[in-house]
There are 2 protein chains.
Amino acid sequence: MKHFIVFFIFLTSQASAQLPKLYNHISNDVHLIHSQVLNQDRQVYIHVPQLDSADINKALPVLYLLDGENHFHILSAYIEYLSHWHVIPPIIVAGIINVDRVKDLTPTNSLINFDGKVDSNYKTSGGNEQFFDFIHQELMPYMEANYKTSPVKIFAGHSFGGITVINCMLMHPDMFDAYIAISPSLWFGNKYVLRLAEQKLPGVSLTDKKFFYSNGNEDGSFRDDLLRFDKLVTRDSLKTFEHEYKYYPSEDHMTEPIPAYYDALRFIYKNWADTSTKK
Amino acid sequence: MKHFIVFFIFLTSQASAQLPKLYNHISNDVHLIHSQVLNQDRQVYIHVPQLDSADINKALPVLYLLDGENHFHILSAYIEYLSHWHVIPPIIVAGIINVDRVKDLTPTNSLINFDGKVDSNYKTSGGNEQFFDFIHQELMPYMEANYKTSPVKIFAGHSFGGITVINCMLMHPDMFDAYIAISPSLWFGNKYVLRLAEQKLPGVSLTDKKFFYSNGNEDGSFRDDLLRFDKLVTRDSLKTFEHEYKYYPSEDHMTEPIPAYYDALRFIYKNWADTSTKK
């Protein structure tokens, strides 16, 4: 944490002062962070919502988003809009861009792909723990050093990103306050995360955490696996662990994140009331 | 059209070459167009999706969006994402920024507000026709001159923007190919647009047009008015006029545009198949 080197590219524009208020801060800041843990440079897209004057000194939650290149803009647009209308608080989005997606976003090494075949593209799989170290030891401190962050952290991912989020929740339940797993690829690694959930969920302390998970109309075992997982969560959850499972029968694997990320934000902040600003 | 003066501000960044592919063109281009029709400068946010190499010379539809300052980013993010995954084609978004919203986005002069009271803020109301002239005579030619546009045009608005869209569809059915009216304020002007629909819908030619309209869980007569309107559309529509009405009971007036704009895009392109690029 103390030793990593940071570069950042701040996208600026001489014309930005002429933008009307709401979109001043749809700032596609692209930060380049050298990770010692991963021994590579990592790009992170960072979005900071435009703040009302009443909120200007407020510390903000951070949503750590996997597959940043895919979902960053939708999440940023939702948060910008919903916080502007005081439906949720302003939240910083840190969208992590993939380098070796199969490595970072899988919980165990397995060469078996979705079709049940040995796949050499999967040879680097199993890097979740190292990737969590990067987030915990390097990215979180970076966000805290460079932005006015509150302690509240959200972890969000889709597909392989979804199993990564659940794996993190089970192995490191204190790392985040809320977890969003959209269409988690529970089939991966002979249902590794599903088996881990069977083993870990009864004992893991998730008091006051929030957890949203969902799937669409997908091939293979996505839905059956998530229904099995849902039974485990429902059986093992304490009353203080809030969770919501949503199924989107009219969405496929790639369109489902659009409604699901919206519903996830609404779920996490359903009891939130804006106390700092007037409507 | 020939005489209007155009300024434009192109937001550039020296770092943009380092952005990964998908978001190269989340370009918040802010154009300033001097309108002779309106005798004022108008800001328009323009988003051009990132194109696959197979699409690079393709002419693109244009979605003309009202209340650009509010909904531009969500629409742009949806289009960027859905076109990247070949669910809809790439579409240019032109988000018109308000100057006098009550003037431009109302079909008739009426001083009576939502609560039934005389409201001096409404004294400029009734500027729809002049605003349509601006779009038709100035903005559309501007888009055609500056971008590679196809003839397909979509008109989208929310609330006052919703009645503006319906008024345009009834009075100028050929101006657009698809109309999106989210929570139209049909109450306005003693239900002016509802009465206009009763009068015009039986005779208006909407062959091959597409029309999406919706509302949320709102106060006042929003839902009753839209149900009345839906009856008119259903009764009068020709088989070749495709329309969809959606109701969002768990959304309020300001959150409803998030799911509704997504569903509207999916509706308009539900039979679209990507013929130009491989998945």
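Modeller: Chain A has seven helices and nine strands, where helices (H or I, at least four residues) and strands (E, at least two) are DSSP runs numbered from the N terminus. This is a predicted model, in which local features need pLDDT of at least 70, side-chain atom pairs count only at pLDDT 80 or more, and totals for chains, interfaces and linings use all residues. Residues are numbered from 1 along each chain as its sequence is written, chains are lettered from A and ligands numbered from 1 in the order in which they are written, and side-chain values use heavy atoms, with hydrogens and water left out.

Of the 279 residues of chain A, 61% count as buried; buried means under 20% relative accessible area, exposed over 50%, and partly exposed in between, with a 1.4 Å probe and protein chains only. Contact means heavy atoms within 4.5 Å. Among contacts in chain A between residues at least 6 apart in sequence, 74% join residues at least 24 apart.

Now the helix pairs. Helix α1 (residues 68-84) of chain A packs against helix α7 (residues 257-268) of chain A at an angle of about 40°, and their axes are 10 Å apart. Axes here are lines fitted to C-alpha atoms, for helices over the stretch in contact, and angles run from 0 to 180 degrees between N-to-C directions. The angle makes α1(A) oblique to α7(A); under 35 degrees counts as roughly parallel, over 145 as roughly antiparallel, 65 to 115 as roughly perpendicular and the rest as oblique. On the α1(A) side the contact is made by His71(A), Ile74(A), Leu75(A), Tyr78(A), Ile79(A) and Leu82(A), and on the α7(A) side by Pro257(A), Ile258(A), Tyr261(A), Tyr262(A), Leu265(A) and Arg266(A). By class these are 10 nonpolar, one polar and one charged; Ala, Val, Leu, Ile, Met, Phe, Trp, Tyr, Cys and Pro count as nonpolar, Asp, Glu, Lys and Arg as charged, and the others, Gly among them, as polar.

Two residues of this contact, Tyr78(A) and Leu82(A), are among those that touch the most other members of the largest nonpolar core, which has 67 residues. Such a core is a set of buried Ala, Val, Leu, Ile, Met, Phe, Trp, Tyr and Cys residues joined through side-chain atoms within 4.5 Å. Leaving out residues up to four places away in sequence, Leu82(A) touches Val87(A), Ile88(A), Tyr262(A), Leu265(A) and Arg266(A), together with Thr255(B) and Ile258(B).

The second pair is helix α4 (residues 160-171) and helix α5 (residues 188-200) of chain A, packed at about 30° with axes 10 Å apart. α4(A) and α5(A) are therefore roughly parallel, and their crossing is left-handed. Among the residues that make the contact are Phe160(A) and Ile163(A) of α4(A) and Tyr192(A) and Leu196(A) of α5(A). The contact of α4(A) with α5(A) has 10 nonpolar residues, one polar and one charged.

Ser183(A) lies in the loop between β7 (178-182) and α5 of chain A. Although not a glycine, Ser183(A) has a positive phi of about 45°, and at 0% relative accessibility it counts as buried. In chain B, Asn190(B) is found in helix α5 (residues 188-200). Asn190(B) also has a positive phi, of about 55°, but is exposed, with a relative accessible area of 62%.

Note on methods:
Left-handed = near helix turned anticlockwise from the far one by under 90°.
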